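Hello,

Here is the structure I promised to pass on to you. Have a look at it first, and then read on for what I found.

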Amino acid sequence: MTKMSELSRQTEQDNIAYINSLCDDDKELLSTCCGAGGLGNIHEFDGEHYGLCASCKEHCDFEYEDL
């Protein structure tokens, strides 16, 4: 992985963490498949969140879980 790719990935993870902190202080969006965070952007439509799982790299739903 190149330095630029690593920086881009870290920036995305920081953005997700920041967005999660704005939503709920004690909850985090985690994948329903294996409980990992998101890889890249997590999208919301009609109250449901979806995106790529950081662990298994598959599309899945995300739900708020207590930290």
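Which backbone nitrogen does the side chain of Ser31 reach? Keep that in mind while you find your way around; please note that the model is predicted.

The chain has 67 residues, and 19% of them count as buried. It holds 1 helix and 4 strands, and from the N terminus on the order is α-β-β-β-β. The accessible surface of the chain is about 4,900 Å², with 50% of that belonging to carbon and sulfur atoms. If you take the contacts between residues at least 6 apart in sequence, 41% join residues at least 24 apart.

Now back to Ser31, which you will find in strand 1, residues 27-31. The answer is Cys34: the side chain of Ser31 reaches the backbone nitrogen of Cys34 at 3.5 Å. Ser31 counts as buried because its relative accessibility is 6%, and buried means under 20%. Setting aside residues up to four places away in sequence, Ser31 touches Ala36, Cys53, Cys60, Asp61 and Phe62.

Is Leu52 buried or partly exposed? Its relative accessibility is 29%, so Leu52 counts as partly exposed. Beyond its neighbours within four places in sequence, Leu52 is in contact with Gly37, Gly38, Leu39, Lys57, Glu58, His59 and Phe62. For Leu52 and Phe62, the C-alpha to C-alpha distance is 9.2 Å, and the two are 10 residues apart in sequence. Phe62 is also one of the residues that Ser31 touches.

Enjoy exploring!

Best wishes

Methods:
Residues numbered from 1 in each chain as written. Predicted model: local features only at pLDDT ≥ 70, side-chain atom pairs only at ≥ 80, totals over all residues. Heavy atoms only, no water. Buried < 20%, exposed > 50% of the residue type's maximum accessible area, 1.4 Å probe, protein only. Contact = heavy atoms within 4.5 Å. Helix = DSSP H or I, 4+ residues; strand = E, 2+ residues; numbered from the N terminus. Polar contact = N/O pair within 3.5 Å; in protein donor to acceptor, adjacent residues only side chain to side chain. Areas by Shrake-Rupley, 256 points an atom, 1.4 Å probe, with all protein chains shown as cover.
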